[in-house]
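Me: I'd like to learn how to read disulfides and nonpolar cores in a model. Could you take me through them step by step?

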Amino acid sequence: MKKISLIVCYISSMVITANAQIGVGGIPEGMLLKEEQQYISVTNATAPDWESFIKKEETLQAPDLAQPFTIALFTPLNISFPSSGTFKQLENGKIIWCSQLKIENAPAIGLYYDRFHLPKGVKYYITNGNGNQILGAFTAANNTASGFFATEAIQGSVVNLEIDIEFGVNLEDINFHIDRSAVYFRGYEYLHRYSNPVDFLASEADSALDGSSSGCMINAICPLGANNAIQRKASVQLLIPQTVGGETALGVCSGTMVNSVENTPTNCKPYLLTASHCNSSNDTTSDKFDQTIIRFNFERALCTGGIIPEAKTMTGINFISRSIHTSPLASNTKGDFLLLELRQVIPTSWDVTLAGWNNSATIPLTATAPEKFTGFHHPSGDTKKVSSSHVLESKSLGMQNSHWGTQLDSGYVAGGSSGSGLFDGKGRQIGVLTGGNPSNLVPVVCEVNGKGDPIDVNDIVFYSKFSFIWDYSVDGNNPRRKLKPWLDPGNTGTIMIDALHSNCTSIGGTMIPSVEDDLANSISISPNPTSNGKVIARFNLKQAMDLTVELYDITGKKQQSAKLNKVKSGSHSFDLSDYANGMYIIRFFDGATSTSKKILLAR
């Protein structure tokens, strides 16, 4: 790595959009500075050799899916506070620290921290090189006991880091060090939206490549999944650091948020169930999952594609129980489960559910339309897809009658689908995806993705039976090797339960998201004044909401208006170039509260 001083950190004309990771929202102080630019230091790092890894992967790839799907490789870094950045003191006593990372030809970059401790009064933001994407603010609420942390992918080869420090904070209390980054080579296509700002009145059509998976996959929102919205909202994606063929890599799997017998709104345990082979090192302590990222409702807005309405993510999850993973082959797998518990409360606005389940060993093996056996998953690191079948059979993989086997009649699965749930015709989870194989019925055209890359596609799928892993005894009788002590802690003998909202309220009840965002502090307008009429409104709200945005002239006459649905963060542009010089007002209204921003047009 080579460090160079004095390059541009922020330029006043940059604009921001963002995807959501648990944070407090807000706009970085550096974005609000009036001067044309400020200076920082930069760290240059070399991208991993992806082509060599692909050749190695071809020799390591298990033929039946029992391993995570690699989307990124790690490269070492050494970025620390304060030595890797530069400071600027503001008139109000606040301090801004800025640093920048460059990895040439990186499609997207995720950051991993071996020391992350922020005291109260400190906010940390991350933006991409052109300023169109922002993550944060991260605060003391994101600290972990181990100090490990990870943040989502940032589009492009440049990452800007900013730490905003309130007056009176002891700088020695900030412990911040990035020791590696994940360079994404797959599963980053959704980030293309951050290449340019979104025009305020333009349609939010998604012109990016649909993703890394086969073009024959079916988006989760499509009619095939229409009757299973509860199960779709319970299905998640996990990004887990791995070692693959001696390389440190980022693997992806799928999983399901599951309900527990004793869950109530006042005693709510949000469990996540995935496959043991998604963590092949068989870790059994929570600190090993401090850098696991969980994505909720990471899916297309439309059956035909459409923009992804914010990737909602959390970092860090606690270990609860698991089976021991011993073989890379699904055919040798016995039980295959890993039960984890969220550390943070899921915001109600994220609309996540906890799936119901059925642990009976004797379930109907045929589903008659409109019922079907359904799975939601993230093949090849892509956005959420759906697949289904109508017939199951009991299969023996590693042990007698350990799995459900099915041949999909709609949709497919692929690497990255591992750990996803199988739901019966009533919508209760009955299995965890272990692996699969292609039959001769898979069309050749389905074996490539939108970029023309060859991709694995499977229609014969095997799921570890919920009944087999329920009171699992293959790895001993320790409660940490079973599901039952956690999903039925009172030993009630419950065979099946239904789904709940993520806050453990009834699905039949009414969820009213609490709105805590301070609109005035979470929205900014720039440049102001504007000399050419081009104005950008930037958002970084604490939680998603519907916003009405209106432009008025100084007499109160409305000039423009638009409705922004489920916006958490982003950027939208106004064009005032056809208007006369003068003062204008932009009003933002969430249905209950509003804020107005003045803008001066002065040519």
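Reply: Happy to. A disulfide here is a pair of cysteine sulfur atoms within 2.5 Å. This is a predicted model, where local features need pLDDT of at least 70, side-chain atom pairs count only at pLDDT 80 or more, and totals for chains, interfaces and linings use all residues. Residues are numbered from 1 along each chain as its sequence is written, and side-chain values use heavy atoms, with hydrogens and water left out.

Me: How many disulfides does that rule give?

Reply: The count is four. Take cysteine 222 and cysteine 303, whose sulfur atoms are 2.0 Å apart. Their link is right-handed, with 100 degrees about the S-S bond. Cysteine 222 sits in the loop between S13 and H3, and cysteine 303 in the loop between S17 and strand S18 (312-315), so the pair ties together parts 81 residues apart in sequence. Helices (H or I, at least four residues) and strands (E, at least two) are DSSP runs, numbered from the N terminus.

Me: Is cysteine 222 buried or exposed?

Reply: Buried means under 20% relative accessible area, exposed over 50%, and partly exposed in between (1.4 Å probe, protein chains only). Cysteine 222 has 4% relative accessibility, so it counts as buried. Cysteine 303, at 37%, is partly exposed.

Me: Why is the disulfide of cysteine 216 and cysteine 446 called left-handed?

Reply: Because the torsion about its S-S bond is about -85 degrees. Cysteine 216 lies in the loop between strand S13 (198-199) and helix H3 (229-234), cysteine 446 in the loop between strand S28 (429-437) and strand S29 (460-465), so this pair ties together parts 230 residues apart in sequence.

Me: Which cysteine is joined to cysteine 268?

Reply: Cysteine 504 is its partner, with S to S at 2.0 Å. That link is right-handed, with 75 degrees about the S-S bond. With the bonded cysteines of the chain numbered in sequence order, the pairing reads 1-7, 2-6, 3-5, 4-8.

Me: Now the cores, please. What is the general idea?

Reply: In soluble globular proteins, nonpolar side chains tend to be buried together. A nonpolar core is a set of buried Ala, Val, Leu, Ile, Met, Phe, Trp, Tyr and Cys residues joined through side-chain atoms within 4.5 Å. The largest one here has 41 residues, of which Met257, Phe296, Leu339, Leu483 and Leu487 touch the most other members. Apart from it lies another core, of 36 residues, including Ile109 and Phe149.

Me: What does leucine 339 contact?

Reply: Contact means heavy atoms within 4.5 Å. Leaving aside neighbours within four places in sequence, the contacts of leucine 339 include Val258, Tyr271, Phe319, Leu483 and Trp486.
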